[in-house]
Amino acid sequence: MIAFRHCRRTAKECFGADVKTRARIGILEVARLAGVSAGTVSRVLNGRADARISIETQERVKATARDAGYVVNRLATSLRTHRTGVFGAIVGSLSGHYQPHLTSRLQAVAQRRGVELLVAQAKADAGEVAGQLNLFQDDFFDGVIMVSDLPGHEALCEHLDRMGKAHVTLCGGLTGPKPAVLADDWIGMRMLLDHLIALKHHRIDYVYRVSRLALSDRRSIFRQMVSESAGEIKGDVLSFERADIDREVFRRILTAPSTRPTALICGSDGLAIEVVALLRELGLKIPDDISVVGYDNVPDTAYWSPPLTTVAQPTDSLCEASLDLLLELTNLSADARTSMRPMRLIPPELVIRASSDFPSLQHIPPA
């Protein structure tokens, strides 16, 4: 969480004696410089321009405002509209693979939409995260996006509902809190299984981590699809935690010929890179000895050795849909928001790379 500290020094003390105080440029001055009405300037700069205002005029107004140093007075705007155009986002982690990528794309989409988005990293404890929400409950924020699953996520959403604050969960899992926007994991898992089956894999295991809700949801989907395959797929689920005892169990499964799968579906790309590292410790080659596929398509998966077959979450589409939904919800009353719990699913895509191939001959079952 970023802490803002009040500075008691004057501008002259901070930046030197040459600093000059500059009067705030208003809409009337921008209108005069651009040669248009104040109403036109207001509509353009507040994102309410319609077909009556030409693109050329809109660009001229924006350029004039930028050159003149015009800054939107959010306090005045909020007093008039009860909206500030400022939103908060809480992300579970700014380290790792997918969450930082998703958060950076969310900020990029917000910038393109002209929306101010302030991001905070969640504390590790659910109670501390609840304390962080005090900032986002302030009237300065129109709504909150919670990126992925957070500690005590369900309780946090209920807390925001009681406070009358709009919220959307982005990529928090199919069974996570709503309103929510996420990739359709049923489609994603089906594509991965179909790809591996087409390569003649029949012993396929799913690797997950208990702490990640989305990974547990994909585990449930995998189990159901295996059970519905009428014996075409033999598969199990493997927990891959960071504790030594869990890794030892994983290691025994992979080194026993009777239990070793020919392919592994990892619940995330971040998990896949850890799995690949352990497989190499065991002397297994990918994909010659075992195929490995991931989920998310984080930017560097194309450059791994070997490049990772994975499901690409449509990140920009997810971020755009989450902002659209949050903007819709902020325009509703608190009662209307709590009575509806929309979930918007975005279809993912399969990205086939070198980490998946036909199983070696010794793993192909006899006809």
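Q: How many disulfides does the rule give?
A: A disulfide is taken to be a pair of cysteine sulfur atoms within 2.5 Å, and by this rule the count comes to zero. The model is a predicted one, in which local features need pLDDT of at least 70 and side-chain atom pairs count only at pLDDT 80 or more, whereas totals for chains, interfaces and linings use all residues. Residues are numbered from 1 along each chain as its sequence is written, and side-chain values use heavy atoms, with hydrogens and water left out.

Q: What is the nearest cysteine sulfur to cysteine 171, and how far away is it?
A: That sulfur belongs to cysteine 319 and is 7.3 Å away, so with the cut-off at 2.5 Å cysteine 171 is in no disulfide.

Q: Why is cysteine 157 called buried?
A: Buried means under 20% relative accessible area, exposed means over 50%, and partly exposed lies in between, with a 1.4 Å probe and protein chains only. Cysteine 157 has 3% relative accessibility and therefore counts as buried. Cysteine 171, with a relative accessible area of 8%, is buried too.

Q: What makes a set of residues a nonpolar core, and which members of the largest one touch the most others?
A: Such a core is a set of buried Ala, Val, Leu, Ile, Met, Phe, Trp, Tyr and Cys residues joined through side-chain atoms within 4.5 Å. The largest has 42 residues, of which Phe222, Phe250, Leu264, Ile265, Val275 and Leu279 touch the most other members. Its largest share, six residues, comes from helix 12 (residues 269–281), where helices (H or I, at least four residues) and strands (E, at least two) are DSSP runs numbered from the N terminus. A second, separate core of 27 residues includes Leu106, Val109, Val168 and Leu325.

Q: Why do strand 7 and strand 9 count as edges of the sheet?
A: The open sheet of four strands has the order 7-6-8-9 with parallel pairing, and two strands pair if DSSP finds at least two bridges between them. Strand 7 (237–239) and strand 9 (291–293) each have a single partner strand, so one side of each is left without a neighbour in the sheet.
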